[in-house]
Amino acid sequence: LFTNYWIYQIYFANIDSRGNVRFWNSDSLGIKFRPILYDIDLGWFRANSNLLNDFTDTIQTKWYNPSWRTLLLRKALENNNFKNQFINQTSFLMNTHLSSENVLQKINKFLKIYQNEMAYHFHYRKRFESYQGSFNKWLRSIDKMKEFASKRDSIMLEHLAEKFQLTKPYFLDIEVINYNNGIVLLNNNKLIKNHLCGKFFNDIPSQIEVIPNLGYIYFIYNTDFLDSSSLMVKKKNIFFKS
């Protein structure tokens with residue numbers, strides 16, 4: 001959770017994270033404190049922002065990265081196991097939940113849900129418009145979010161490679177046959193679809209764990225080849241069989 005918290009803060013380019021520091025714990029989940037992600041209204045504006053560097057700097061370089069705020073992440077990254085986990089998890093999220101395709105799909109989903117209500121709001125509640133903008137301004141802000149989302153995943157992977165001096169990436173292409181007959185974990189993340197294809201880094205091997213359902217076994221067929229851009233493609237077909 002700590003790893004995901006910082007990856008999301010960096011992805012959103014949330015420069016206001018220093019002012020929104022909250023943790024929680026639960027007797028039922030143990031005494032470990034977990035960070036809370038909220039108040040992202042100063043994010044989503046700067047697709048090129050290198051907050052990975054800012055949030056791991058040893059000295060304050062901007063108003064939003066004082067050393068006390070970056071301390072936990074900086075110190076955690078001194079541990080090689082955590083650093084490898086951070087790199088792998090960033091790669092996984094940029095190719096799944098935070099990929100341009102997925103984020104744009106979510107933005108369009110919520111746009112469809114709220115568009116009529118926002119049109120009603122601005123048309124019939126004129127007295128609010130003086131300080132709440134307009135329907136067209138709201139649509140323009142959505143367009144800016146889409147522009148951000150269309151660029152941010154690839155920029156994050158570039159910043160990741162620069163920060164940790166990673167070599168040329170490769171494509172990991174996983175296809176699961178009879179997907180419902182077992183579980184496939186990539187770096188401890190359960191695949192929620194039967195196909196994943198994304199960029200990862202040779203320096204940090206990805207860990208794949210396959211757990212068949214009761215009564216099933218599995219086979220993995222590996223194929224490596226170069227694509228048209230000379231990037232290595234590591235193709236893995238995973239079959240579940242009763």
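**Entry 1. Terms and model**

I define a polar contact as a pair of N or O atoms within 3.5 Å; within protein, one must be able to donate a hydrogen and the other to accept it, and residues adjacent in sequence count only if both atoms are side-chain atoms. The model is predicted: local features need pLDDT of at least 70, side-chain atom pairs count only at pLDDT 80 or more, and totals for chains, interfaces and linings use all residues. I number residues from 1 along each chain as its sequence is written, and side-chain values use heavy atoms, with hydrogens and water left out.

**Entry 2. His195**

I looked up the polar contact of 2.8 Å that joins the side chains of His195 and Asp173. His195 lies in strand β6 (residues 195-201); helices (H or I, at least four residues) and strands (E, at least two) are DSSP runs, numbered from the N terminus. Leaving aside neighbours within four places in sequence, I list Asp173, Ile174, Glu175 and Lys235 in contact with His195, where contact means heavy atoms within 4.5 Å. The C-alpha atoms of His195 and Ile211 are separated by 16 Å, and the two residues are 16 residues apart along the chain.

**Entry 3. The chain as a whole**

I noted seven helices and nine strands in the chain. The C-alpha atoms fill a box of roughly 65 × 50 × 45 Å, taken along the principal axes. Of the 242 residues in the chain, buried residues make up 41%. Among contacts with a separation of 6 or more, 67% are between residues 24 or more positions apart.

**Entry 4. Two asparagines**

Asn14 is found in the loop between α1 and β1 (23-26). Asn14 is buried, with a relative accessible area of 0%. I found a polar contact of 2.7 Å between the side chains of Asn14 and Gln9. Not counting residues up to four places away in sequence, Asn14 touches Gln9, Asp39, Ile40, Leu42, Gly43, Leu51 and Phe55.

Asn88 has its place in helix α4 (residues 80-94). Asn88 is buried, with a relative accessible area of 8%. Which backbone oxygen does the side chain of Asn88 reach? The side chain of Asn88 reaches that of Pro205, at 3.3 Å. Beyond four places in sequence, Asn88 touches Asn187, Phe200, Ile204, Pro205 and Ser206.

**Entry 5. Rings**

I paired rings of Phe, Tyr and Trp (its six-membered ring) if their centres lie within 6.5 Å, with planes under 30 degrees apart counted as stacked, over 60 as edge-to-face and the rest as tilted. By this rule the count comes to 17 aromatic pairs. One of them is Trp6 with Phe55, which is edge-to-face at 5.2 Å centre to centre and 65 degrees between the planes. This pair links distant parts of the chain, 49 residues apart: Trp6 is in helix α1 (residues 2-11), and Phe55 is in the loop between α2 (51-54) and α3 (67-76). I found both Trp6 and Phe55 buried. Ring pairs link Tyr5, Trp6, Phe55, Trp63 and Tyr64 into a cluster.

I also looked for charges over rings (NZ of Lys or CZ of Arg within 6 Å of the ring centre and within 35 degrees of the ring normal). Lys234 lies over the face of Tyr170, at 4.3 Å from the ring centre. Arg34 lies over the face of Trp24, at 5.5 Å from the ring centre.

**Entry 6. Helix α3**

I recorded Arg69, Thr70, Leu73, Arg74 and Ala76 as the buried residues of α3. These buried residues pack against α1, α2 and α4.

**Entry 7. Pocket and cavity**

I searched on a 1 Å grid over the protein atoms alone: a cavity is a set of points where a 1.4 Å probe fits but cannot get out, a pocket is an open set with protein on both sides within 12 Å along at least five of seven lines, and lining residues have an atom within 4 Å of a point. Grid points are joined across faces, edges and corners, and a volume is the space filled by probe spheres set on the points.

The largest pocket has a volume of about 540 Å³. It is lined by 21 residues, of which Trp44, Ile107, Ser141, Ile142 and Met145 lie nearest its centre. The elements that give two or more residues to this lining are α5 (100-124) and α7 (135-164). α7 gives the most, with seven residues.

I found one cavity of 30 Å³ or more. The largest cavity has a volume of about 50 Å³ and is lined by Ile7, Ile10, Leu52, Phe86, Thr90, Met156 and Leu160. α1, α4 and α7 each supply at least two residues of its lining.

Terms used: Buried < 20%, exposed > 50% of the residue type's maximum accessible area, 1.4 Å probe, protein only.
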